[in-house]
Amino acid sequence: MGDFTERRKLPRMSASWPVTLYTAAEEVAGQTRNITSTGAYVECSERLNINETCWLQIRIPHRELMLMGKVIWSNLVIDNTGKEVSHAGLCFIHIEGEDRQVLNDAILESGT
């Protein structure tokens, strides 16, 4: 049996930053749950389609970033109020200019 322990080269931070996802069909409100400079785990109001590409507007402390991401996994869960909530993992596939470093810095600052 293999060891499925996740090993990360980049810091991952639990973060509840507001995010708006712009899919081909709609605008979806959400929150990050954790984030790295290469992807994010997001809780949102609508289920996202696996392999869908969308723009994410993430409001990190003192700045907004616009990133393109691809949905790697997506599922629906029932929260403690009985409401369906979507959880999704996105891999960032396009980040403009210095935004990756700005995101890295925000992750490091929030983790301290």
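1. Let's start with E43, which counts as partly exposed at 24% relative accessibility; here buried means under 20% relative accessible area, exposed over 50%, and partly exposed in between, using a 1.4 Å probe and protein chains only. The side chain of E43 meets that of R33 in a salt bridge, 3.2 Å from N to O. A salt bridge here is a side-chain nitrogen of Lys or Arg within 4 Å of a carboxyl oxygen of Asp or Glu. R33 lies in strand β3 and E43 in strand β4, so the pair ties together parts that are 10 residues apart in sequence. R33 is also partly exposed, with a relative accessible area of 28%.

2. A word on the model before going on. It is a predicted model, in which local features need pLDDT of at least 70 and side-chain atom pairs count only at pLDDT 80 or more, while totals for chains, interfaces and linings use all residues. Residues are numbered from 1 along each chain as its sequence is written, and side-chain values use heavy atoms, with hydrogens and water left out. Helices (H or I, at least four residues) and strands (E, at least two) are DSSP runs, numbered from the N terminus.

3. How many salt bridges does a search of the whole structure find? It finds three. Besides the R33 and E43 pair, there is one between the side chains of R63 and E98, at 3.4 Å from N to O. This pair links distant parts of the chain, with R63 in strand β6 and E98 in the loop between β7 and α1, 35 residues apart. R63 also meets D99 in a salt bridge, at 3.2 Å from N to O. R63 lies in strand β6 and D99 in helix α1, so this pair ties together parts that are 36 residues apart in sequence. Shared partners join R63, E98 and D99 into one network.

4. R63 is partly exposed, with a relative accessible area of 34%. E98 is exposed at 53%, whereas D99 is buried at 11%.

5. Now follow the strands around R63. Strands β5 and β6 run antiparallel and are joined by eight bridges; two strands pair if DSSP finds at least two bridges between them. R63 in β6 is the bridge partner of I60. The two strands form a hairpin with two residues between them, and H62 in the turn has a positive phi of about 70°. H62 is not a glycine, and at 84% relative accessibility it counts as exposed.

6. On to the next hairpin. β6 pairs with strand β7 (residues 84-95) in the antiparallel sense over 11 bridges, and I95 in β7 is the bridge partner of L67. Five residues lie between β6 and β7 in this hairpin, where G82 in the turn has a positive phi of about 90°.

7. Is S74 buried or exposed? S74 sits in strand β6 (residues 63-78) and is buried, with a relative accessible area of 8%. Leaving aside neighbours within four places in sequence, S74 is in contact with R47, L48, I50, S86, H87 and A88, where contact means heavy atoms within 4.5 Å. A polar atom of the S74 side chain lies 2.7 Å from the backbone oxygen of L48. S74 and G89 are 15 residues apart in sequence, and their C-alpha atoms are 6.5 Å apart in space.

8. N51 counts as exposed, at 52% relative accessibility. E52 belongs to the loop between β4 (39-44) and β5 (53-60) too. E52 is buried yet has no salt bridge, and the nearest side chain of opposite charge, R47, is 9.3 Å away; Lys and Arg count as positive and Asp and Glu as negative, while His and the chain ends are not counted. Not counting residues up to four places away in sequence, E52 touches T23, A24, G69, K70 and V71.

9. Finally, the core. The largest nonpolar core has 26 residues, and those with the most contacts inside it are W17, L21, I35, I58, L90, F92 and L103. A nonpolar core is a set of buried Ala, Val, Leu, Ile, Met, Phe, Trp, Tyr and Cys residues joined through side-chain atoms within 4.5 Å. The elements giving two or more residues to this core are β2 (18-22), β3 (27-35), β4, β5, β6, β7 and α1 (99-110). Contacts of L21 beyond four places in sequence include V42, C44, C54, W55, L56 and L90.

Technical notes: Polar contact = N/O pair within 3.5 Å; in protein donor to acceptor, adjacent residues only side chain to side chain.
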